[in-house]
Amino acid sequence: MKLYILLTALFLPLCFQTQSQTYSGLQPNTTIDANSIKKKNQDIKKQASELTAKHIPLTKLEANSVTKVKIEEYKEQVNRENLMFPADELYNSIWDTLHVNPFFSQKINFPESYTINCNSFIMPIDNDVKITSKYGPRGRRMHRGIDLKVQTGDTIRAAFDGKIRIKSYERRGYGYYLVIRHPNGLETVYGHLSKFLVKENDIIRAGEPIALGGNTGKSSGPHLHFETRFLGRDINPADIIDFENGEPYKDEYVFNNVKINGKGSNIYTSSDHVYAVHSVKKGETLSEIAKKYGTTVNELCRLNNITVESKLAIGQRIRFQTRQIKVQVAEDAVKQTDTENNIKADLKSNNGKPDKKIEIPAEKTDESPKASVYHEIKKGDTLFSLSKKYGISIEKLCELNSFGDNIIIKIGQKIRCS
């Protein structure tokens with residue numbers, strides 16, 4: 001026992017010395033420095049991090065190691081974000097869940113032109129299309145959509161991708177109805193439903209079931225009342241959609257906002273046609289409206305689905321086709337300007353002395369024909385006000401300016417008045 005204790009006392013110091021040399025990196029006569037080792041480890045990690053950053057960017061490293069996003073999936077993600085706030089800039093973030101026209105009490109500055117993408121359109125009904133009532137005046141009120149024949153319980157689908165803005169009930173009108181706002185700028189309305197399949201603020205895709213057809217509200221039989229609106233204003237769905245073939249006439253529908261006689265009018269256009277709407281005033285007749293806008297009574301009847309004997313109600317909207325008017329310039333004014341320019345050029349080329357005799361047109365006397373008078377259209381001007389101002393009939397104004405079947409008078413346009 002004494003011998004074991006003696007041997008232990010002799011060899012124990014040697015073991016501690018060997019371990020000290022090992023932890024110091026096999027460098028004799030040095031001791032372990034914990035701070036030094038910690039600093040070296042930090043330096044190594046820093047160098048490794050720098051090398052990694054130079055050769056493999058962090059974002060690329062994460063993309064490669066976590067997930068690979070396909071282009072189609074990325075586009076789908078962007079589209080979904082757009083659906084969360086459809087046409088938000090156009091509607092100024094107004095999300096009204098009570099009124100079909102969110103701007104019913106506001107004055108809206110419509111864009112002069114807006115292109116609406118329609119290529120994703122899906123028919124809202126599955127069965128064969130049968131239009132039971134067209135867009136247009138219906139007695140003393142305006143029918144702001146079209147009616148499509150369905151049976152109670154038939155599936156109703158979303159016409160475009162969008163977000164449900166209104167899910168509500170109107171006893172004396174739409175019955176159970178939905179309003180969907182779409183990223184292309186349109187809003188669609190679906191009325192007289194029997195059952196909802198969606199909730200407010202739901203994001204839906206074109207063709208997805210949203211409701212079942214019915215006969216609720218002010219309805220004489222099962223049908224779908226379908227509307228297309230832009231910034232609250234109704235547009236005839238048949239101007240956008242070819243319901244007979246179940247597709248848009250074109251991939252893009254162009255909305256144009258122009259002025260009639262200096263005043264704002266509801267004008268909606270496709271790429272080929274321009275339409276305006278006149279609000280009937282007390283005592284007005286179809287003949288007077290046709291004469292005012294340079295069209296015919298028969299054309300008004302055709303566009304508005306009415307007859308010559310139809311009685312007009314105050315405030316009734318009469319639709320008519322229009323065309324732009326080219327501004328005409330007085331030929332004598334152009335000739336006068338050309339003559340003056342020629343005289344100045346000759347004088348300049350000969351130090352102020354013309355090399356040939358120049359005939360300067362004599363000033364017109366009272367006996368010579370009067371120069372044509374042109375009026376630049378200002379806000380509020382009408383053909384009637386111009387006829388009174390210049391003592392000329394409306395018919396003569398149309399004749400002098402070569403106004404054809406349909407006219408649009410724009411602010412800044414020059415009108416010949418004598």
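## Strand β7 and its partners

Let's start with strand β7, which covers residues 162–170 and runs antiparallel to strand β10 (residues 203–204), with two bridges joining them. One place to look for this pairing is Lys163, which stands opposite Ile203 in β10. Keep in mind as you explore that this is a predicted model.

Strand β7 also pairs with β8, again in the antiparallel sense, over seven bridges. Here you can find Tyr169 facing Tyr176 of β8. Together β7 and β8 make a hairpin, with four residues between the two strands.

## Strand β9 and its partners

Next, follow the chain along to β9. Strand β8 (residues 175–181) pairs with β9 in the antiparallel sense, and five bridges hold the place of this pairing. Val179 stands opposite Val189 in β9. These two strands also form a hairpin with four residues between them, and Gly185 in the turn has a positive phi of about 105 degrees.

How enclosed is strand β9 by the rest of the structure? Strand β9 spans residues 186–196, and eight of its 11 residues are buried, so this strand is largely enclosed by the rest of the structure.

## A buried aspartate in a loop

Now turn to the loop between α4 (71–84) and β1 (113–117), which is where Asp96 sits.

Asp96 does have other polar partners. Its side chain reaches the backbone nitrogen of Leu98 at 2.6 Å, and that side chain also makes a polar contact with the side chain of His99 at 2.9 Å. Setting aside neighbours within four places in sequence, Asp96 is in contact with Pro102, Arg165 and Ile166.

## Positive phi angles

The loop between α4 and β1 also holds Ala87. This residue is not a glycine, although its phi is positive, at about 50 degrees. Is Ala87 buried or exposed? Ala87 has a relative accessible area of 12%, and because buried means under 20%, Ala87 counts as buried.

Ser93 is found in the loop between α4 and β1 as well. Ser93 is not a glycine either, and it takes a positive phi of about 60 degrees.

For another example, visit helix α7, residues 297–304, whose buried residues are Leu300, Cys301, Leu303 and Asn304. Just after α7 comes Asn305, with a positive phi of about 55 degrees.

## How confident is the prediction?

Finally, a look at the confidence scores. The protein chain has an average pLDDT of 75, and 65% of the residues score at least 70. Over residues 52–66, pLDDT stays under 50, and the model gives this stretch three contacts beyond four places in sequence. Residues 352–369 also have a pLDDT below 50, and that stretch has 13 contacts beyond near neighbours in sequence.

Conventions:
Residues are numbered from 1 along each chain as its sequence is written. This is a predicted model: local features need pLDDT of at least 70, side-chain atom pairs count only at pLDDT 80 or more; totals for chains, interfaces and linings use all residues. Side-chain values use heavy atoms; hydrogens and water are left out. pLDDT is the predictor's confidence in each residue, from 0 to 100. Contact means heavy atoms within 4.5 Å. Buried means under 20% relative accessible area, exposed over 50%, partly exposed in between (1.4 Å probe, protein chains only). A polar contact is a pair of N or O atoms within 3.5 Å; within protein, one must be able to donate a hydrogen and the other to accept it, and residues adjacent in sequence count only if both atoms are side-chain atoms. Two strands pair if DSSP finds at least two bridges between them.
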